[in-house]
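I opened this notebook to keep track of what I looked up in one structure, entry by entry. The chain as a whole comes before its parts.

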Amino acid sequence: MHRRSMAKSPYVLATLLFAPALVGATIGALLPVTLLKEGGPVESATAILLFGLAIAFALRWPRATFGAQWHLPMILLLMCARELDFDKRFLAEGMLQLRLYSGDAPPSHKVLGGLVVVLILWCGWRLLRRDGPVWLTAIRARAGWAWWVLGGGMAVVLAKTIDGAGRKLEPLGIDLPAAVNDGLGQLEEGMELGFASALAIAMILFHCRERTPCRP
């Protein structure tokens with residue numbers, strides 16, 4: 001089968017779709033617990049990879065970085081900061097927690113948190129408005145980079161769904177065993193690394209598409 005036909009095969013696309021979550025889950029299941037704990041090496045590797053992708057984007061597409069596409073490296077930096085828990089490390093409460101703004105936190109904390117939230121929403125709006133149509137067109141064209149983005153997105157959504165599962169289920173009267181809750185936390189860290197790795201592959205494929213006949 002021709003290489004381009006293989007790249008657009010539904011079986012290959014299905015593999016791309018689930019690969020980041022499966023690889024991440026495998027990492028979470030096989031690596032020692034000490035590597036997967038909060039603030040451990042796997043979480044640090046995810047943050048470093050996201051930061052490296054932001055720098056790589058700026059170096060490869062400097063005009064876009066300081067022009068119309070500034071939100072793309074900014075989103076990568078925001079995700080890196082979130083991975084390092086910067087959203088709750090420097091303030092009385094987490095920037096994404098409602099109690100920071102409704103409670104007794106210092107006004108300066110509320111202002112800083114609010115500015116970051118506005119930045120996140122602004123970047124998200126620009127991503128949907130400017131890049132959403134391009135990405136959807138690439139998905140329909142079965143471009144490899146777009147499917148890696150989709151697979152990575154599925155992995156991170158699943159990771160955030162199982163993050164703190166015990167805490168989320170407690171109000172429903174469901175008490176998860178500590179071992180299960182810890183295991184889900186390990187899978188979460190692995191899938192977040194799978195997400196960042198999928199973005200790296202997507203960026204490489206997009207760069208390759210622009211430069212050479214190795215188009216996905």
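Among contacts in the chain between residues at least 6 apart in sequence, what percentage join residues at least 24 apart? I looked this up in what is a predicted model, and found that 65% of those contacts join residues at least 24 apart.

Entry on the overall make-up. I counted twelve helices and zero strands in the chain, and reading from the N terminus on, I therefore noted the order of elements as α-α-α-α-α-α-α-α-α-α-α-α. Of the 216 residues, I found that 35% count as buried.

Entry on the nonpolar cores. I looked for the largest nonpolar core and found that it has 14 residues, with Leu50, Leu53, Leu76, Phe195, Leu199 and Met203 having the most contacts inside it. I then checked which helices supply this core, and noted that α4 (41-60), α6 (71-83) and α12 (178-211) each give at least two residues to it. Taking Leu199 as an example and leaving aside its neighbours within four places in sequence, I recorded contacts with Leu50, Leu53, Leu76 and Met79. I also found a second, separate core of ten residues, which includes Ile139, Trp145, Trp148 and Ala202. As background, I noted that nonpolar side chains tend to be buried together in soluble globular proteins.

Entry on α4 and α6. How are α4 and α6 oriented, roughly parallel or roughly antiparallel to each other? I found that their axes come within 8 Å and cross at roughly 165°; the cut-off for roughly antiparallel is an angle over 145 degrees, and α4 and α6 are therefore roughly antiparallel to each other. I noted the crossing of α4 and α6 as left-handed. On the α4 side I listed Glu43, Thr46, Ala47, Leu50, Phe51, Leu53, Ala54 and Phe57 as making the contact, and on the α6 side Leu72, Pro73, Leu76, Leu77, Met79, Cys80 and Glu83. Sorted by class, this contact of α4 with α6 has twelve nonpolar, one polar and two charged residues.

Entry on α9 and α10. For helix α9 (residues 107-140) and helix α10 (residues 144-162), I found axes that come within 8 Å and cross at roughly 110°. Since angles of 65 to 115 degrees count as roughly perpendicular, α9 and α10 are therefore roughly perpendicular to each other. I recorded Trp135, Ala138 and Ile139 of α9 as making the contact with Trp145, Ala146, Trp147, Val149 and Leu150 of α10, and by class this contact has eight nonpolar, no polar and no charged residues.

Entry on two loop residues. I noted as background that most residues other than glycine have a negative phi. Asp85, although not a glycine, has a positive phi of about 65°, and I placed this residue in the loop between α6 and α7 (86-89). Arg142, also not a glycine, has a positive phi of about 60° and lies in the loop between α9 and α10. Which accessibility class does each fall in, buried or partly exposed? I found that Asp85 counts as buried because its relative accessibility is 14%, whereas Arg142 counts as partly exposed at 35%.

Entry on Ala58. I located Ala58 in helix α4, where its 21% relative accessibility makes it count as partly exposed. I then looked up the separation of Ala58 and Trp70, which are twelve residues apart in sequence and, C-alpha to C-alpha, 8.9 Å apart in space.

How values were computed: Residues numbered from 1 in each chain as written. Predicted model: local features only at pLDDT ≥ 70, side-chain atom pairs only at ≥ 80, totals over all residues. Heavy atoms only, no water. Axes fitted to C-alpha atoms, helices over the stretch in contact; angles between N-to-C directions. Helix = DSSP H or I, 4+ residues; strand = E, 2+ residues; numbered from the N terminus. Parallel < 35°, antiparallel > 145°, perpendicular 65-115°, else oblique. Contact = heavy atoms within 4.5 Å. Nonpolar A, V, L, I, M, F, W, Y, C, P; charged D, E, K, R; others polar. Core = buried A, V, L, I, M, F, W, Y, C linked by side-chain atoms within 4.5 Å. Buried < 20%, exposed > 50% of the residue type's maximum accessible area, 1.4 Å probe, protein only. Left-handed = near helix turned anticlockwise from the far one by under 90°.
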